[in-house]
Amino acid sequence: MELEFHGGETVVATESSAGGDSIVCEGDANQEPCEGMVFDSPDAAKAFYDEYARRIGFVTRIVSSRRSERDGSIISRRLACNKEGFNLNSRKIGRVRIRNRESKREGCMAMLLVKREKVGKWIVTKFVKDHSHPLVISTGVKERPTPDEKDKRIQELSSELNRANRRLAACREQLQTFMKLVEDHTQRLSGTVNEVVQNIREIESEDQKPQVGEVPPFPNPYPNQPFQS
């Protein structure tokens, strides 16, 4: 028989069998595990242990599994609290020391061991209840909303979207009105500027014309010499 640890290590052990009848613990799904409990599969045993752990406030993990040397099938499995065992703070590979992340294991001994019987059933052969650490019951489970709550929420979001669309349309209309006013004002201002420029040009043109009775200046026949009047 092969003993397989979930972490990569394997050792070889001898297969043994125990006589006697199995004890079936009867009760509902909220009952506490007990030795002699029977399950149809190791997965069913793990699901039961997981639910039990959730109720009282800890997390489980698969510590080890035993496999048969004949066909390699699993014949036993040990489930434990996730704080089972200890981790080293660091490990050394060659000359390099690698620091591990902070360990959450505290050497807790709580565990559940199930073994496969000849008839194909899985029986709890060992159960350790006590933990070496405080248990914390999670209250963060959020219930799923009902269809009515979903419809109500959808209606609320639709109303908010419609209100936002109406506000956006009003803002767009105000912006278009403002841009039209700016455009009209720009056109009027441009016309006024053009009129002012035209008036200035006309005034300059009038100033350049000789007045009535005014003798125009006599041209200088000697441009290089100053003109003497």
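In this predicted model, five aromatic pairs are counted, taking ring centres that lie within 6.5 Å as a pair. A pair of aromatic rings is described by the distance of the centres and the angle of the planes. Y49 and Y52 make one of these pairs, with 6.1 Å from centre to centre and 20° between the planes. That pair is stacked, because planes under 30 degrees apart count as stacked. The two tyrosines are three residues apart in helix α1, so about one helical turn separates them. Y49 and Y52 are both buried.

Y49 also pairs with F58, this time edge-to-face, at 5.8 Å centre to centre and 65° between the planes. F58 is buried, as is Y49. Together with F127, the residues Y49, Y52 and F58 form one aromatic cluster.

What does Y49 touch beyond its neighbours within four places in sequence? Its contacts there are P33, F58, T60, L79, A80, A110, M111, L112 and F127. Two of the residues in that list, F58 and F127, belong to the aromatic cluster.

α1 covers residues 42–56, which makes 15 residues. From its first C-alpha to its last it reaches 21 Å, close to the 21 Å expected at 1.5 Å a residue. Its buried residues are P42, A45, F48, Y49, Y52 and A53. Seen down the axis of α1, these buried residues fall within an arc of 135°, and therefore they line one face of the helix. On the face turned away from the buried side, α1 carries the exposed residues D43 and R54.

Which strands do the buried residues of α1 pack against? They pack against β3 (38–39), β4 (60–67), β5 (74–81), β8 (111–116) and β9 (122–128).

In soluble globular proteins, nonpolar side chains tend to be buried together. Here the largest nonpolar core has 19 residues, and the members that touch the most other members are F39, Y49, L112 and V124. At least two residues of this core come from each of α1, β5, β8 and β9. α1 gives the most, with five residues.

One of the contacts of Y49 is T60, which has its place in strand β4. T60 counts as buried because its relative accessibility is 14%, and buried means under 20%. The side chain of T60 makes a polar contact with the side chain of D50, at 2.3 Å. Leaving aside neighbours within four places in sequence, T60 is in contact with K46, Y49, D50, A53, A80 and N82.

Strand β4 also holds R66. Is R66 buried or partly exposed? R66 has a relative accessible area of 28% and is partly exposed. R66 and K115 are 49 residues apart in sequence, and their C-alpha atoms are 9.0 Å apart in space.

Just after α1 comes G57, which takes a positive phi of about 110°. G57 and L135 are 78 residues apart in sequence, yet 4.8 Å apart in space from C-alpha to C-alpha. L135 lies in the loop between β9 and α2 (147–208). With a relative accessibility of 37%, L135 counts as partly exposed. Apart from its neighbours within four places in sequence, L135 is in contact with I56, G57 and F58. F58 is also the partner of Y49 in the edge-to-face pair.

The whole protein can now be set out. There are two helices and nine strands. Along the sequence they follow the pattern β-β-β-α-β-β-β-β-β-β-α. The protein has 229 residues, of which 19% count as buried. Among its contacts between residues at least 6 apart in sequence, 48% join residues at least 24 apart.

Methods:
Residues are numbered from 1 along each chain as its sequence is written. This is a predicted model: local features need pLDDT of at least 70, side-chain atom pairs count only at pLDDT 80 or more; totals for chains, interfaces and linings use all residues. Side-chain values use heavy atoms; hydrogens and water are left out. Helices (H or I, at least four residues) and strands (E, at least two) are DSSP runs, numbered from the N terminus. The expected span of a helix is 1.5 Å times one less than its number of residues. Buried means under 20% relative accessible area, exposed over 50%, partly exposed in between (1.4 Å probe, protein chains only). The arc is that of the directions from the helix axis to the C-beta atoms. Contact means heavy atoms within 4.5 Å. Rings of Phe, Tyr and Trp (its six-membered ring) pair if their centres lie within 6.5 Å; planes under 30 degrees apart count as stacked, over 60 as edge-to-face and the rest as tilted. A nonpolar core is a set of buried Ala, Val, Leu, Ile, Met, Phe, Trp, Tyr and Cys residues joined through side-chain atoms within 4.5 Å. A polar contact is a pair of N or O atoms within 3.5 Å; within protein, one must be able to donate a hydrogen and the other to accept it, and residues adjacent in sequence count only if both atoms are side-chain atoms.
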